[in-house]
Amino acid sequence: MRPHPATPPMTPLEPSDPRRIATFDLRGRLGVGVLGVVYAALAPDQKWIAVTLAHAELGRDQGFRERFTREVRAMSRIRARCVAPVLAYDTSGERPWFATAFLPGPTLDARLRTQGPLPEAGARLLAAGTAEAIAAVHATGAALRNLTPTDVILTPDGPKVLDAGITRAPDGAGASGTGGMPGSPGERGPEHPRDRNGPEADVFAWGVLVVHAVTGRPPFGTGPAGEPAAGPPQDGPDLRDVPESLRGVVARALAEDPAARPTAEELVGLLAGEGTVPRTAEERAALVDALIARDRTA
């Protein structure tokens with residue numbers, strides 16, 4: 001049987017890389033992050049998948065291993081059209097790993113850097129798809145905790161959120177796993193730090209993401225490192241270039257008071273122009289499908 005035709009762009013395996021993980025045949029590297037190495041692999045059915053193998057030093061960190069186990073199990077329960085599904089995982093070995101479907105397409109970050117902001121129709125699809133993904137995470141009782149342009153893949157089938165909720169590396173390695181705050185100040189929301197990991201903070205991060213996607217800049221400007229800055233509440237977000245079809249719902253998502261923000265479920269309904277809130281995964285997925293079909297034929 002021949003490999004799946006959509007061969008991922010990959011770099012060769014290094015001598016120290018494994019050649020096989022469980023039933024998956026590793027063929028190359030897709031990238032390296034603070035969590036681990038991401039490999040392109042072939043599943044037994046010859047479809048391409050992505051396998052994330054934690055760095056060896058993280059595997060020796062018992063606190064990280066416990067968080068990884070807890071969160072990858074939570075990821076495997078998420079049912080959403082716009083979340084990369086977890087296909088398999090093992091957290092008992094020397095180096096924990098998980099496998100997801102391979103997603104063809106650039107990250108939103110790469111798209112913004114190479115081609116600039118999304119057109120209005122593309123931004124609506126991004127907004128609806130990422131809201132659907134967030135709602136699915138919230139339905140499991142968890143919070144996403146991180147949503148930036150590097151966490152979203154723009155596939156031909158619509159936006160997909162990567163590693164929804166998976167723990168980042170420990171503090172000192174650029175992440176949130178041991179009590180550090182995920183995201184930059186401009187992505188987290190202005191509420192008290194103890195509240196910044198909840199559903200309302202995810203909605204705020206969603207608003208920041210959508211503004212960045214459609215205007216090319218975060219709503220509160222950027223800080224010294226080029227990251228989204230936390231703007232003074234009295235200034236409010238800069239929504240001048242946000243299309244009218246998105247401005248109202250984005251403004252609500254960026255409300256200073258967390259209680260004034262819509263839920264992720266409400267976001268999906270608002271973006272789809274529905275008067276009701278989609279309560280089930282099937283209803284939310286159907287609304288995103290309808291929005292994709294409408295905008296692609298517009």
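When I say that two residues touch, I mean that they have heavy atoms within 4.5 Å of each other. With that settled, hello everyone, and thanks for coming. Please keep in mind that we are looking at a predicted model.

Let me start with a residue that uses that definition. Ala-264 sits in helix H8, which covers residues 264-271. Setting aside residues up to four places away in sequence, Ala-264 touches Ala-131, Ile-134, Ala-135, His-138 and Val-203. Is Ala-264 buried or exposed? Its relative accessibility is 2%, and the cut-off for buried is under 20%, so Ala-264 counts as buried. There is also a pairing across the chain to point out: Ala-264 and Ala-139 are 125 residues apart along the chain, yet their C-alpha atoms are separated by 9.9 Å.

Val-203, one of the residues that Ala-264 touches, takes us to the next stop, because Val-203 is also among the H6 residues that meet H7. Helix H6 spans residues 199-215 and helix H7 spans residues 244-253. How do we describe a pair like this? In general, two packed helices are described by the angle between their axes and the distance between the axes. Here the angle is about 140°, and the axes are 8 Å apart. That angle makes H6 oblique to H7. The crossing of the two helices, H6 and H7, is left-handed.

Who takes part in that contact? From H6 we have Val-203, Phe-204, Trp-206, Gly-207, Val-210 and Val-211, and from H7 they meet Leu-246, Val-249, Val-250 and Ala-253. By type, the residues of this contact are 9 nonpolar and 1 polar, with no charged ones.

Now please turn to the other end of the sequence. Pro-8 lies in the segment before strand S1, which is 20-21. With a relative accessibility of 4%, Pro-8 counts as buried. What is Pro-8 in contact with, leaving aside neighbours within four places in sequence? The partners are Leu-30, Ala-40, Trp-48 and Phe-102. For Trp-48 we also have a spacing: it is 40 residues from Pro-8 in sequence, and 7.6 Å away in space, C-alpha to C-alpha.

Finally, let's step back to the whole protein. It has 9 helices and 8 strands. Of its 298 residues, 52% count as buried. Among contacts between residues at least 6 apart in sequence, 56% join residues at least 24 apart. The accessible surface comes to about 13,600 Å², and 52% of that belongs to carbon and sulfur atoms.

That's my tour, and I'm happy to take questions!

Conventions
Residues numbered from 1 in each chain as written. Predicted model: local features only at pLDDT ≥ 70, side-chain atom pairs only at ≥ 80, totals over all residues. Heavy atoms only, no water. Helix = DSSP H or I, 4+ residues; strand = E, 2+ residues; numbered from the N terminus. Buried < 20%, exposed > 50% of the residue type's maximum accessible area, 1.4 Å probe, protein only. Areas by Shrake-Rupley, 256 points an atom, 1.4 Å probe, with all protein chains shown as cover. Axes fitted to C-alpha atoms, helices over the stretch in contact; angles between N-to-C directions. Parallel < 35°, antiparallel > 145°, perpendicular 65-115°, else oblique. Left-handed = near helix turned anticlockwise from the far one by under 90°. Nonpolar A, V, L, I, M, F, W, Y, C, P; charged D, E, K, R; others polar.
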